[in-house]
Amino acid sequence: MGIVEQIGFSLISKTLQENPLPFDTYGAISGVFVLFLWLITFLFCIMLIDAKLMTRKAATVIYLITLIIGGLIMAAIPNPLLPIQEIFLALASRNDLWYLLPVLVVLSILFGTSLLVGRIFCGFACPLGTFQELLSLINFKSNIKQQKKNKFHFEVSRQVTNKIRWLFFGVVFLFALLWSILILPLFNPFSGFLFLHPPFDFTLLISFFGLIVIGIASIFFYRPYCRFLCPFGAGSDLLSRFAKNTYQRTEDCTECGLCEKICPTQEAASNSKKGECYYCNRCVEICPEDAIKLNLDG
Ligand code: SF4
Ligand code: SF4
C-alpha cells in the first residue's frame, strides 16, 4: 500500500471510530441517535421558518450550536459524506454489502427531506455547511447598499458551479478508478474536524488544511464546498428541485427584484427550482412586502 492509500485507510479507520456507522449494536444506537437529533432539528427549523421566527439571531444561534456540538465536540456529526464514501468502498471491495442497508436507510432519510422541503439539512444541520454559512456573514449581507459597497464577495453563476462540480467529481472518480478507491477519504474535509481531537495525527492534517481553505474561501464565495464540491450537496440539489414545500412568493410580491439581487445562489426568482436554496433568509429579510413564505401546502 502506497503512502496515499495508507493515509486514506487511516482516515477511514479514524472517522469510523469517531462516527461509527450502524452495523453493530453500538453503531446502531449511535446511528439512531444521530437520526433522531436530525429529525428534531429538522422539525424545529421548519417550525421556526414557518412561524417567521427564523430571525438572523435565531439562525446564527443554530449555526453556532451545530458547528460547536456537531463539528467541534462530536467531530463532524452528522457527516453526510460518510455513507456515500462507505457505498463506494463496499462496492469496490465487493464484501459485506449487507451492511450497506442501514447506510442506505440513513442516506434515504437525509435525501428524503431534500425531496420534501429542500436543503434544510444543509442549511442548519451540517457542521461543514454552518461553518461556511457563519463565515459568509462577513461579506454576504441582507442589505443592498452594504452589499454594493462591499468589494469582497464574488458571485458565481449556477451554470459555472454545476460545471466545476461535475468536472471535479469526474476527475476524482477517474483517479479513484485508475489508482485506488482509498484516495476518496482525502477529499472528505469533514475529517478535518477530527484533527482537533487528541491524539494528534498528521494524516488528519490534509483534511484540516482542506477545512481551513474552505473557511477562507467562504468569506469571498458563498458556501464554496456545498456548491462546487460536496457529493451529498450535488444529490440534494437534484432532489430539492422537485420539492414543493420551499420558499415561495405570495400575492403581496410587487416584483421589485430585491430578493433576486441579494440571493447568493440566484435561487430567489419566482420560477427558481430552489435546488441551491440554503434557507439563508437573506431574501426574506430584504423583502419590503413580507412576501416570501415557506409554502407548506405544496
Ligand atoms: S452541501 Fe455538503 S457540506 Fe454543504 S451543507 Fe450540504 S452536506 Fe454539508
Ligand atoms: S432563495 Fe432566499 S433563502 Fe434561498 S438561498 Fe436565496 S436568499 Fe437564501
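Which residues of helix 12 (residues 231-240) are buried? They are Pro231, Phe232, Gly233, Ser236, Asp237 and Ser240. A residue counts as buried if 20 or more other C-beta atoms lie within 10 Å of its own, as exposed if 12 or fewer do, and as partly exposed in between; C-beta atoms are placed from the backbone.

This is a predicted model: local features need pLDDT of at least 70, side-chain atom pairs count only at pLDDT 80 or more, and totals for chains, interfaces and linings use all residues. Residues are numbered from 1 along each chain as its sequence is written, while chains are lettered from A and ligands numbered from 1 in the order in which they are written.

**Overall fold**

The protein chain has 14 helices and two strands. Helices (H or I, at least four residues) and strands (E, at least two) are DSSP runs, numbered from the N terminus. Of its 298 residues, 39% count as buried. Take the contacts between residues at least 6 apart in sequence: 75% join residues at least 24 apart. Two residues are in contact if their C-beta atoms, placed from the backbone, lie within 7 Å.

**Helix packing**

The buried residues of helix 12 pack against helix 4 (81-93), helix 5 (100-117), helix 6 (120-125), helix 9 (158-178) and helix 11 (224-229). Two packed helices are described by the angle between their axes and the distance between the axes. Axes are lines fitted to C-alpha atoms, for helices over the stretch in contact, and angles run from 0 to 180 degrees between N-to-C directions.

| Helix pair | Angle | Axis distance |
|---|---|---|
| Helix 3 (residues 56-73) and helix 7 (residues 127-136) | about 135 degrees | 8 Å |
| Helix 5 and helix 12 | roughly 35 degrees | within 7 Å |

Helix 5 passes helix 12 in a right-handed crossing. A crossing is right-handed if the near helix is turned clockwise from the far one by less than a right angle, and left-handed if anticlockwise. Phe111, Ser114 and Leu115 of helix 5 meet Gly235, Ser236, Leu239 and Ser240 of helix 12. This contact divides into three nonpolar, four polar and no charged residues. Ala, Val, Leu, Ile, Met, Phe, Trp, Tyr, Cys and Pro count as nonpolar, Asp, Glu, Lys and Arg as charged, and the others, Gly among them, as polar.

Helix 3 and helix 7 are oblique to each other. Angles under 35 degrees count as roughly parallel, over 145 as roughly antiparallel, 65 to 115 as roughly perpendicular and the rest as oblique. Their crossing is left-handed. Tyr63, Thr66, Leu67, Gly70 and Gly71 of helix 3 meet Pro127, Thr130, Phe131, Glu133 and Leu134 of helix 7. Here the residues are five nonpolar, four polar and one charged.

**Ligand shells**

Ligand 1 is surrounded by Pro80, Cys122, Cys126, Leu128, Gly129, Tyr225, Cys226, Cys230, Phe232 and Gly233. A residue is near a molecule if its C-beta atom, placed from the backbone, lies within 6 Å of it. Helix 7, helix 11 and helix 12 each supply at least two residues of this shell. By class, the ligand 1 shell has eight nonpolar, two polar and no charged residues.

Around ligand 2 are Tyr247, Cys263, Thr265, Glu267, Ala268, Cys277, Tyr278, Tyr279, Cys280, Asn281, Arg282 and Cys283. The ligand 2 shell has eight nonpolar, two polar and two charged residues.

**Backbone notes**

Tyr279 has a positive phi of about 55 degrees, although it is not a glycine. Tyr279 lies in the loop between helix 13 (258-262) and helix 14 (282-286). The peptide bond from Ile77 to Pro78 is cis, with omega near -5 degrees. Pro78 sits in the loop between helix 3 and helix 4.
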